[in-house]
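Here are a few exercises to work through with the model open beside you. Try each task before reading its solution.

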Amino acid sequence: MIDKKHIIDRFTSYVTIDTESDPKSESTPSTEKQWDLANKLAEELKELGLKDVSIDKHAYVMATIPSNVPHKVPTIGFVSHFDTSPDYTGKNVNPQIVENYDGKDIILNKEKNIVLSPDYFEDLLQYKGQTLITTDGTTLLGADDKAGITEIVSAAEYLMQHPEIKHGDIRICFTPDEEIGRGAHKFDVKKFGAEWAYTMDGSQIGELEYENFNAASADIKVHGKIVHPGYAKGKMVNSMYIAQDFINSLPRFETPEHTEDRQGFFHLTQIEGKVEETNMHYIIRDHDKEHFEARKKVMLDLAAEINGQHEKEVIEIEIKDQYFNMREKVEPMMHIVAIAEEAMKSINVKPNIKPIRGGTDGSQLSYMGLPCPNIFAGGHNFHGRYEYVPVESMIKATEVIVKIAELTAKKYA
Ligand SMILES: [Zn+2]
């Protein structure tokens with residue numbers, strides 16, 4: 001029911017616009033270039049005939065697919081983000097279309113010998129015979145989350161063109177800056193006016209998630225003392241060695257590369273040092289609220305302990321909560337998960353319910369009064385050059401949106 005080429009063209013038109021977000025910027029959107037896609041999306045939604053199309057001063061794009069039933073149906077929403085991760089460049093994305101994938105290595109870049117191989121990325125084998133969209137090996141793809149945007153726009157288009165499919169008011173929102181943890185910060189939940197929503201921001205086909213990490217960041221500044229190295233005995237304090245002690249005192253195996261499922265971690269994302277000063281950035285993640293609080297305390301206690309070993313304070317630590325596990329907010333209204341599950345089953349997609357090892361716009365939104373489970377958008381290997389998305393998964397995700405709209409109206413008829 002959804003045209004493949006149309007999906008590919010729409011997706012390509014989004015990923016070729018650079019929308020990398022920037023955690024160092026204080027403004028929203030964090031980068032001016034995100035406006036390019038935000039404005040394009042607002043125009044596109046208007047052209048498709050959606051109502052109440054708006055774009056606010058922070059580049060949040062909202063619109064309504066108006067109800068076509070006489071009875072009252074709860075307003076539901078679909079959300080995705082148009083920024084891409086600053087972890088890897090999103091400039092000059094040059095998507096490659098691999099038709100009828102044969103299950104073998106995909107040469108992303110011959111010159112640089114960059115290969116997307118099922119030997120390493122086994123998930124590829126599920127998509128034998130399908131059409132994959134990959135990078136050219138030099139950028140990320142931006143399927144996270146322009147696949148989600150493609151699906152929402154395509155579902156909106158489909159619903160506008162098929163009035164025989166009955167549904168209530170459907171709200172749409174596209175946000176900036178999700179990748180830097182601020183996708184929901186300026187989200188006007190009241191204006192959005194939905195009882196619940198779904199982020200289309202998951203990975204492989206079938207994913208349905210309503211549990212995510214509790215998340216915090218820790219900025220640590222270590223102070224040293226610089227003295228001429230030839231005359232430093234008893235005087236120099238090398239901040240990099242203190243930083244090293246700090247790092248080594250945290251549990252070495254509670255890191256992303258050693259954890260899975262519901263195991264939490266400390267993750268050192270950045271370190272920059274000189275003798276006089278070293279700055280470290282950590283993220284702290286845990287599904288369990290108590291464990292999460294305990295992790296924060298471990299870091300604070302460690303800083304205090306190291307400070308206690310010096311004459312004056314050498315470590316400054318600032319921990320900031322970023323988002324919380326949405327489970328608490330979704331559990332009281334589990335029918336919103338059930339509807340998504342039923343929608344998937346009705347189009348032969350097997351629901352795969354599991355905790356997210358990350359966050360989404362939805363986790364913050366859930367705490368702002370908009371319960372918001374997350375649904376697959378279809379992509380794999382986010383935030384890097386091996387990112388890819390099967391077009392068939394995008395089509396299924398589009399169909400899931402249409403079905404959810406339909407089922408919600410039926411349920412309340
Ligand atoms: Zn995303």
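Two residues are in contact if their C-beta atoms, placed from the backbone, lie within 7 Å. Residues are numbered from 1 along each chain as its sequence is written. This is a predicted model: local features need pLDDT of at least 70, side-chain atom pairs count only at pLDDT 80 or more, and totals for chains, interfaces and linings use all residues.

**Exercise 1.** Find which residues His383 touches, and say where His383 lies.

Solution. Start with the position: His383 is in the loop between β16 (374-376) and β17 (388-390). Helices (H or I, at least four residues) and strands (E, at least two) are DSSP runs, numbered from the N terminus. Next, skip residues up to four places away in sequence; His383 then touches Ser85, Asp87, Tyr88, Leu140 and Asp144. Finally, count neighbours: a residue is buried if 20 or more other C-beta atoms lie within 10 Å of its own, exposed if 12 or fewer, and partly exposed in between, with C-beta atoms placed from the backbone. His383 has 17, so it is partly exposed.

**Exercise 2.** Work out why the residues of the "binding site" annotation gather at one spot.

Solution. The unreviewed UniProt entry puts this annotation on Asp144, Glu179 and His383. They span 240 residues in sequence, yet no two of their C-alpha atoms are more than 9.5 Å apart, so they gather at one spot. UniProt positions are in the numbering used here, feature names are shortened, and annotations may be inferred rather than shown by experiment. Now look at Glu179, in the loop between β8 (170-175) and α4 (189-192). Glu179 counts as buried because 24 C-beta neighbours lie inside 10 Å. Leaving aside neighbours within four places in sequence, its contacts are Ser21, Asp83, Thr84, Ser85 and Pro86.

**Exercise 3.** Decide which residues of helix α6 are buried and which are exposed.

Solution. The buried ones are Phe292, Arg295, Met299 and Ala303. Seen down the axis of α6, the buried residues fall within an arc of 70° (taken from the directions from the helix axis to the C-beta atoms), so they line one face of the helix. On the other side, Glu290, Ala294, Lys297, Asp301, Ala304 and Gly308 are exposed. The cover over the buried residues includes β11 (214-223), β12 (265-273), β13 (277-286) and β14 (315-323).
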